[in-house]
Amino acid sequence: MKSTLKSWICNNLWTDEEINEASQKLTSLDLIFNLGNIHIDILWFRVMYREEKWKIDRHKHSSYEFHLVAQGASKVTTDEGVFVVKAGQFYVTPPETYHLQENLDDIYVEYCLNCSIEELEINASEEFNMVTILKNSKSEAYNDTKNIIGLFQSCLKESMDQEIGYYNAIKSTVIQILIKTTRTINEKYHLDREIHYSIPKKIRKNDERYKNIEVYIRDNISSIKSTKDIATHLYLSEKQICRIVREKRGMSTKELICKVRLERAKELLKETNYSIKNITDLLGFSSQYYFTEFFKKYESFSPSLYRRNIRKIL
């Protein structure tokens, strides 16, 4: 390859051989993952470099192919018509779209991503509707107004450097390529006008607060004595704590603390060899006697007998 190619990648920091190596490493990765309710399988992901006269005969794929031009220009012929794609532009060929491509300049550099996208479930989700836009898009030249080419270059660099997390970094960048491509197409044709979908939202305020209350109780069961202990750390009033717990669990805060303490006691008796005295201390009881009385109140027999019985069952 001529040195012209490297001027388009990594600001001349790589040799042509390194660029070719990065492309080979990138396309050799087994990039398969789910994005919500769609399954994505990257078939190839590479730099295409052509010199002088060339032509790719009429063909089609059962997958989506993204073509992003870094240098030069080419003429693309589809069953719908003919168009020219130049540096700084891209086009997409949806599945079963016949296309033929031939050069208009001596040196041509294109980033190419080919992937199959399988719909796992048909519903009104964000990712499903992104695919709907891609599926219904026209094969024509779009201006790369969102620097999608920069995302391709980022993937090349990740594949070359192979720093910790590079595989997942490339997957997340592929998602950005899909999103920005979809947005660019949609900005031109507004294909989402009839699309409606909901996205996951945070749970209601009191649901979130109750979750924090329960997590705090479980994490600090050895030291919690009253509602005041919880309120102090969660910046809520004691009345708010009691109201939220009653609303979500139908019990008082004291009853919730006892329930969590009993569940933890049963876990320790079943899953560890800690002595009853050790468990007493871990659960914040002042003495083994009080722990035993507490346990018998709810289970009708002592901690020691519970341990023997549960281990016979297991």
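Helices H6 and H7 are roughly perpendicular to each other in this predicted model, because crossing angles from 65 to 115 degrees are placed in that class. The axes of H6, residues 227–234, and H7, residues 238–249, cross at roughly 105 degrees and come within 8 Å. On the H6 side, the contact is made by Thr 227, Lys 228, Ile 230 and Ala 231, and on the H7 side by Glu 238, Ile 241 and Cys 242. Sorted by class, this contact comprises four nonpolar, one polar and two charged residues.

**Sheets**

The model contains an open sheet of four strands, arranged in the order E3-E8-E5-E6 with antiparallel pairing. Strand E3 (55–59) and strand E6 (81–86) each have a single partner strand, so one side of each is left without a neighbour in the sheet. On average, and with direction ignored, neighbouring strands of this sheet are turned by 20 degrees against each other. Within the sheet, E5 (residues 73–78) pairs with E8 (residues 99–103), and Thr 77 stands opposite Leu 100 in E8.

An open sheet of six strands is also present, with the order E1-E2-E9-E4-E7-E10 and antiparallel pairing. Its edge strands are E1 (32–35) and E10 (142–143), each of which pairs on one side only. Strand E2 covers residues 38–51 and runs antiparallel to E1. Ile 38 in E2 is the bridge partner of Leu 35.

| Strand pair | Sense | Bridges |
|---|---|---|
| E5 and E8 | antiparallel | five bridges |
| E1 and E2 | antiparallel | four bridges |

**Nonpolar cores**

In soluble globular proteins, nonpolar side chains tend to be buried together. The largest nonpolar core of this model has 41 residues. The residues with the most contacts inside this core are Ile 40, Ile 42, Phe 45, Phe 66, Tyr 111, Phe 152 and Ile 170. Helix H3, residues 148–161, gives the most to the core, contributing seven residues.

Which residues does Phe 152 touch, not counting residues up to four places away in sequence? Phe 152 touches Phe 45, Leu 68, Tyr 111, Cys 112, Leu 113 and Ile 177. Two of these partners, Phe 45 and Tyr 111, are themselves listed with Phe 152 among the residues with the most contacts inside the largest core.

Notes. Residues are numbered from 1 along each chain as its sequence is written. This is a predicted model: local features need pLDDT of at least 70, side-chain atom pairs count only at pLDDT 80 or more; totals for chains, interfaces and linings use all residues. Side-chain values use heavy atoms; hydrogens and water are left out. Axes are lines fitted to C-alpha atoms, for helices over the stretch in contact, and angles run from 0 to 180 degrees between N-to-C directions. Helices (H or I, at least four residues) and strands (E, at least two) are DSSP runs, numbered from the N terminus. Angles under 35 degrees count as roughly parallel, over 145 as roughly antiparallel, 65 to 115 as roughly perpendicular and the rest as oblique. Contact means heavy atoms within 4.5 Å. Ala, Val, Leu, Ile, Met, Phe, Trp, Tyr, Cys and Pro count as nonpolar, Asp, Glu, Lys and Arg as charged, and the others, Gly among them, as polar. Two strands pair if DSSP finds at least two bridges between them. A nonpolar core is a set of buried Ala, Val, Leu, Ile, Met, Phe, Trp, Tyr and Cys residues joined through side-chain atoms within 4.5 Å. Buried means under 20% relative accessible area, exposed over 50%, partly exposed in between (1.4 Å probe, protein chains only).
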